[in-house]
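Thank you all for coming.

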Amino acid sequence: MPDKDLVLIKELKARNGTKIGHITLNSEETLNSLTLSMVDTIKSQLTKWEKESDVAAVMIEGAGDRAFCAGGDIRALYDSMVQNPGGPNPFAEAFFEREYRLDYKIHTYSKPVICWVDGITMGGGVGLMLGCKYRLSNERTRFAMPEIGVGLFPDVGFTHFIDKLPKGVGLYMMLTATQLNAADTQMIGLTNNYISITAKDNFEKEITQLDWSDDLLKNIEILDLFIKHFKEKSLSKKGFPEPQLESRLQLVQTLTNENTLKEVTKNILTNSSEDKWFRNGINGLQNGCPTSAYIIWEQCNFEKSTALKEVFKFELDLAIQVTRHPDFTEGIRAVIIEKDNQPQWRYPEINNLPREWVEEHLAPAWEKNPLDNLKN
C-alpha cells in the first residue's frame, strides 16, 4: 500500500460552517502500526487544522475491527538496528523523535481531540491516545504496554501517567504486560468515556449537528455536555465488559508495595494464585527482558512534578540508548522476526544485572537533546 494511503484524511461538514477533522490509521494488516511517514502525515495535518478556525474538533481512529494501533513500525526499527549495531542509528533517532513530537503535539493541541480506543491499543497507539482529551473505549478495547517482552520499555509519554494511576498499577502493568479491557481502563482513568462500537455511527452523525462556534472554550463545553448525555444512552452502554482489575487491585498493590525491584519481581513470580489473570502476568515477567524491568523501575521513580516536555526528553534518551544496546534487537528477533520466543537477553537474571549496565541506558544519548525546543 502506498504511504499516502496509510493515513486517511477527511473533513466532516458540521453546523455553522464548521468542520470536524477526521484521521484514520489505515493499515489493518499491521494492526495500524505507525510508520514514520504516518507519523509525519498526522502531525502535518494536525498543524494545518490547528490554523483553520472552522475546524472545531478532531477525531482519530484505526481502520478495521481489530486494532486502533498496536504500536510503531518495529520491523523497520529492527532493520535499522541490525544495520547500525551500537549506533548512531539515523532511522531510530528520527523515528522516536518525530513520534514523540507528534504525541506532544496532541497533548498540547489547542482543539479537542477524540480518540476511538477500539481494539488493540499498545505502544505507539497509546502515545496517540493519551494525548487526546476524549478517550472513548468500547467492548473491543484491549489496552497493554507489553514492551518488556521485546526489550523496550513503555514510552510515548507513559512515564507521565504512572503516578496518575492507582498505586502500583502502572508498575505491575509494565512489568507483566498485563492487558486491560474497557472497564479496567475506565476505572483507572486511562480512558475517560465508554461508548459502544454499535453507537459509533450515531455519535459521528450527531457530533456534526452540534451548535459549534469559533470559540474554543465554548466548543469544549458543547462537546463535554454532548458526550456526557450520549454515553448515557442505552445503545452507548451496550457490551460494557466485566472488570478484571477491580477485584484484583488489592493484591496487585500488595505485590508491588516494596522498596526494590528485586522484591517486587520476587513477589510477582512467587504469587501462588491459580487465577489465570495473575498467571498470565507471571509469564509476561518471566519472558520479559530484565534490562527493561530496570528501566521500568527508573520510570516509576522519575521525578513526579516534571513537566511533560522533560518526560519526553527523558524517554527519548532512554529509547535511543535502548537501540544502541543489544536486547531490543534480540527481543524483536525472537518475538517478531523468527518467532522462536526464546530471546537471549544480555543479562537473563534480574538479580544478577549490573548497575553499570542500567546506568549505560540512563545516560544522555546526545550532548543536546533534540526535544529541547519543545514548547511548554
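**The chain as a whole**

Of the 376 residues in the protein chain, 57% count as buried, where buried means under 20% relative accessible area, exposed means over 50%, and partly exposed is what lies in between, with a 1.4 Å probe and protein chains only. Before going on, please keep in mind that this is a predicted model, in which local features need pLDDT of at least 70 and side-chain atom pairs count only at pLDDT 80 or more, while totals for chains, interfaces and linings use all residues. Residues are numbered from 1 along each chain as its sequence is written, and side-chain values use heavy atoms, with hydrogens and water left out.

The secondary structure of the protein chain comes to 16 helices and 9 strands; these are DSSP runs numbered from the N terminus, with helices being H or I of at least four residues and strands being E of at least two. The radius of gyration is 21 Å, close to the 21 Å that the globule rule gives for 376 residues, so the chain is as compact as a globular protein of that length. That radius is taken over C-alpha atoms, and the globule rule is 2.2 Å times the number of residues to the power 0.38. Along the principal axes, the C-alpha atoms fill a box of roughly 65 × 45 × 40 Å.

If we take contacts between residues at least 6 apart in sequence, 75% of them join residues at least 24 apart, a contact being heavy atoms within 4.5 Å.

Let us turn to helix 12, which covers residues 276-287. At 1.5 Å a residue, its 12 residues should span 16 Å, and its end C-alpha atoms are 16 Å apart, which agrees; the expected span is 1.5 Å times one less than the number of residues. Which residues of helix 12 are buried? They are Trp-277, Phe-278, Gly-281, Ile-282, Gly-284 and Leu-285. Seen down the axis of helix 12, the buried residues fall within an arc of 160°, so they line one face of the helix, the arc being that of the directions from the helix axis to the C-beta atoms. The face turned away from that buried side carries the exposed residues Lys-276, Gln-286 and Asn-287, whereas the buried residues pack against helix 5 (169-176), helix 10 (249-256) and helix 11 (261-269). At the start of helix 12, a side-chain oxygen of Asp-275 reaches to within 2.9 Å of the backbone nitrogen of Trp-277.

Helix 13, residues 290-300, is mostly covered, with 11 of its 11 residues buried. Its buried residues, among them Pro-290, Tyr-294 and Trp-297, pack against helix 5, helix 11, helix 14 (308-323), helix 15 (326-337) and helix 16 (355-362).

**Two residues in loops**

Trp-345 is found in the loop between helix 15 and helix 16, and it is buried, with a relative accessible area of 10%. Trp-345 and Pro-290 are 55 residues apart in sequence, yet 7.7 Å apart in space, C-alpha to C-alpha. Leaving aside neighbours within four places in sequence, the contacts of Trp-345 include Ile-148, Asn-287, Pro-290 and Asp-327, and its side chain reaches the backbone oxygen of Gly-288 at 3.2 Å.

Asp-118 lies in the loop between strand 5 (113-117) and strand 6 (120-122). Is Asp-118 buried or exposed? At 8% relative accessibility, Asp-118 counts as buried. Its side chain makes a polar contact of 3.3 Å with the side chain of Asn-138 and one of 2.7 Å with the side chain of Arg-140. A polar contact is a pair of N or O atoms within 3.5 Å; within protein, one must be able to donate a hydrogen and the other to accept it, and residues adjacent in sequence count only if both atoms are side-chain atoms.

**Backbone details**

Most residues other than glycine have a negative phi, and most peptide bonds are trans. Val-156, however, has a positive phi of about 50° although it is not a glycine; Val-156 lies in the loop between strand 8 (142-144) and helix 5, and counts as buried at 1% relative accessibility. Ala-177 has a positive phi of about 60°, and is partly exposed, with a relative accessible area of 25%. Finally, a cis peptide bond, with omega about 0°, joins Gly-87 and Pro-88, and Pro-88 has its place in the loop between helix 2 (74-83) and helix 3 (90-107).
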